[in-house]
Amino acid sequence: MVDIVKAMRWNYVSTVASEGNYGESGVDAFIQKSREDGGLCISQSVKIPREPRTGEFDKIIRRLSENPNARVVIIFANEDDIRRLLLAAKKANQTGHFIWVGSDSWGSKISPILNQEEMAEGAVTILPKRQSIKGFDRYFISRTLENNRRNIWFAEFWENNFQCKLSRHAVKKGSGIKKCTNHERIGKDSSYEQEGKVQFVVDAVYAMAHALHDMHKDLCPGKVGLCSKMDTINGTLLLKYIRNVNFTGIAGTPVVFNVNGDAPGRYEIYQYQIGNNTAEYKIIGHWTDHLYLNITEMQWPGGTQDVPSSICSQPCRPGQRKKTVKGIPCCWHCENCDGYQYQADTYTCKMCRFDLRPNENHTGCVPMPIVKLEWSSPWAVIPVLIAVLGIMATLFVVATFIRYNDTPIVKASGRELSYVLLTGIFLCYATTFLMISTPDVVICSLRRIFLGLGMSISYAALLTKTNRIYRIFEQGKMSVSAPRFISPASQLVITFSLISVQLLGVCIWFGVDPSQAIIDYEDQRTTNPKKSRGVLKCDISDLSLICLLGYSMLLMVTCTVYAIKTRGVPETFNEAKPIGFTMYTTCIVWLAFIPIFFGTSQSAEKMYIQTTTLTISVSLSASVSLGMLYMPKVYVVLFHPEQNVPKRKRSLKAVVTAATMSNKFNPKGGLRPNGEAKSELCESLETQVLASKQTYISYSNHAI
């Protein structure tokens with residue numbers, strides 16, 4: 001019966017037993033066997049009292065209905081209890097709900113299901129495999145009251161079988177029962193069917209006979225009749241001989257017993273089926289050491305062939321784990337493996353490895369897709385477009401300066417530092433391509449070098465220029481002698497010294513932490529694992545990036561300070577005013593960059609936003625310098641060549657003297673807008689300074 005339940009894939013059943021040795025021991029054996037095999041749970045285990053009270057069977061049906069998922073009921077009960085149980089189920093309107101699995105006490109009997117066949121539809125029952133004994137039929141049919149007087153129960157059987165009474169006094173008027181004539185014949189005047197257990201009764205008698213015979217041979221060898229050793233039979237010894245018998249039974253099957261005293265199990269399996277207005281017990285399989293079941297021949301309530309379910313909990317879907325109910329291993333709740341978890345086994349969810357994410361149904365882990373900034377991405381197209389335009393403009397300025405290298409405006413702008421500054425501007429634009437290229441060791445190394453180098457070159461050149469102007473006019477306050485280190489060579493040395501600090505810092509960084517490309521699996525590890533990505537990038541953290549740009553920022557701030565200090569220089573003197581406007585604008589650009597860059601550190605689009613923001617900020621800084629410092633000069637050189645002529649020459653001493661006199665007679669001039677003075681003397685001095693501008697620049701660039 002356990003094998004039948006397992007074959008049907010039922011794991012949640014109830015049991016009903018008639019009180020007494022047969023029913024209780026049968027259910028206990030079923031429960032014990034189900035525990036040994038595992039995977040089978042008992043929902044309700046109900047006992048039918050020997051003398052059930054009114055409503056007892058209704059109460060049993062209510063208990064069996066408490067767990068509607070447990071549709072299968074295992075029955076070890078007598079015929080009368082089975083009949084009354086089916087009747088109670090019918091009253092409770094449970095037709096077709098319960099699937100009964102009956103023991104051999106039900107078998108293929110009609111009496112338990114008479115007039116309630118629909119309640120028994122689909123019931124699976126078992127009977128020991130048997131064979132009709134023809135000799136017994138001949139013997140039993142020939143029995144009469146005259147030739148079978150030794151059987152004290154035969155007279156009672158005769159009356160029940162033929163519905164008559166042997167005594168005339170027992171016949172009551174109007175009862176419809178007649179007096180027996182003694183001429184009735186079994187099988188002729190009544191229906192007859194051989195009892196199914198005849199074979200086993202005959203074999204049991206022979207087993208006893210063989211045991212006694214073997215016992216007599218051992219205890220009374222050569223003696224006819226019982227000897228003194230068998231005068232009183234030892235039951236324990238006789239049982240040993242019974243268990244050792246081995247002969248062919250009346251049906252041709254061997255009769256043997258195992259160590260537990262059980263005969264080999266041979267059963268036929270029936271199912272009660274209703275169809276085409278007929279109802280019958282149909283053989284659907286057999287059991288001899290193992291189960292054979294023809295499931296295709298089985299039919300269930302309603303005429304369907306779909307096996308009804310009797311399970312506590314439905315199987316969990318893929319990606320769900322079972323959370324068992326305490327004490328009932330067949331019952332569980334299904335919990336989703338969510339987030340980055342996957343179903344490791346039936347009862348466990350585990351986290352995927354850091355570089356993996358769960359698949360679609362969370363039954364395993366798959367590699368996380370690797371992303372990088374693509375050239376075709378809108379986040380890359382705009383910075384590249386700006387960089388390309390900037391590089392073209394820079395090359396155009398360089399070509400113009402080379403073409404008109406000896407003209408006064410080019411000379412006056414300080415050609416050496418101009419070319420250095422243009423180199424820095426070009427590198428700023430070129431950095432965009434390094435930031436968008438696919439990261440590897442070479443690209444990451446170049447990023448470390450050139451990301452800060454272009455800005456360092458630009459601001460080092462601008463700082464040197466503003467410092468030179470500041471020192472000249474500060475020197476003019478104290479003496480007419482020229483300040484030191486204002487020659488082109490000195491300016492280049494100062495500029496490259498400032499640049500070397502940046503390169504030295506990068507070299508130290510390479511020594512401490514060599515550059516490499518890494519895959520960051522945390523950068524885009526979103527709440528939804530479907531959107532998580534690994535980011536291929538260089539091992540430059542936000543802090544390292546700030547340190548890399550920090551020196552350039554320091555140069556920029558210092559240059560801005562000098563630009564503020566030289567704001568009182570006459571408007572047309574050298575490049576103080578354009579440099580000042582350049583630095584103010586650059587500071588605004590980088591002040592806007594900082595909150596955007598760090599404010600998006602938690603964004604899923606962090607890589608794209610930060611890279612785009614950084615490259616555009618660097619390009620805008622370069623564009624501001626290029627536009628404010630060089631485009632006006634290029635415009636004059638190309639479109640107003642009449643203004644690109646040398647002015648009246650003056651000596652450096654005259655220029656410095658004019659600056660000194662300007663500060664002397666107009667001490668607050670530096671505080672006025674554009675350094676303008678109102679006195680005639682100051683206006684005269686300013687005119688002298690303006691007139692000697694070209695002479696001073698030319699002299700300072702070549703003569704000093």
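The model is predicted, so a word on the ground rules: local features need pLDDT of at least 70, side-chain atom pairs count only at pLDDT 80 or more, and totals for chains, interfaces and linings use all residues. Residues are numbered from 1 along each chain as its sequence is written, and side-chain values use heavy atoms, with hydrogens and water left out.

Let's start with the sheet of 8 strands. It is open, has mixed pairing and runs in the order S2-S1-S3-S4-S5-S10-S11-S12. Strand S2 (41-48) and strand S12 (290-293) each have a single partner strand, so one side of each is left without a neighbour in the sheet. On average, neighbouring strands here are turned by 25° against each other, direction ignored.

Now zoom in on strand S4 (residues 99-102). Is S4 covered on one face or on both? Both: Ile99 and Val101 on one side, and Trp100 and Gly102 on the other, are all buried. Buried means under 20% relative accessible area, with exposed over 50% and partly exposed in between (1.4 Å probe, protein chains only). S4 runs parallel to strand S3 (residues 72-76), joined by 4 bridges, and Ile74 has Val101 as its bridge partner in S4.

Contact means heavy atoms within 4.5 Å, while angles run from 0 to 180 degrees between N-to-C directions of axes fitted to C-alpha atoms, for helices over the stretch in contact.

The other sheet has 3 strands, in the order S19-S21-S20, and is likewise open with mixed pairing. Strand S19 (370-371) and strand S20 (517-524) stand at the edges. S20 pairs with strand S21 (residues 533-538) in the antiparallel sense over 5 bridges, with Leu536 of S21 as the bridge partner of Ile519. Helix H17 (residues 606-629) packs on this sheet, touching S19, S20 and S21, at about 115° to S20.

Terms used: Pairing = 2+ DSSP bridges. Helix = DSSP H or I, 4+ residues; strand = E, 2+ residues; numbered from the N terminus.
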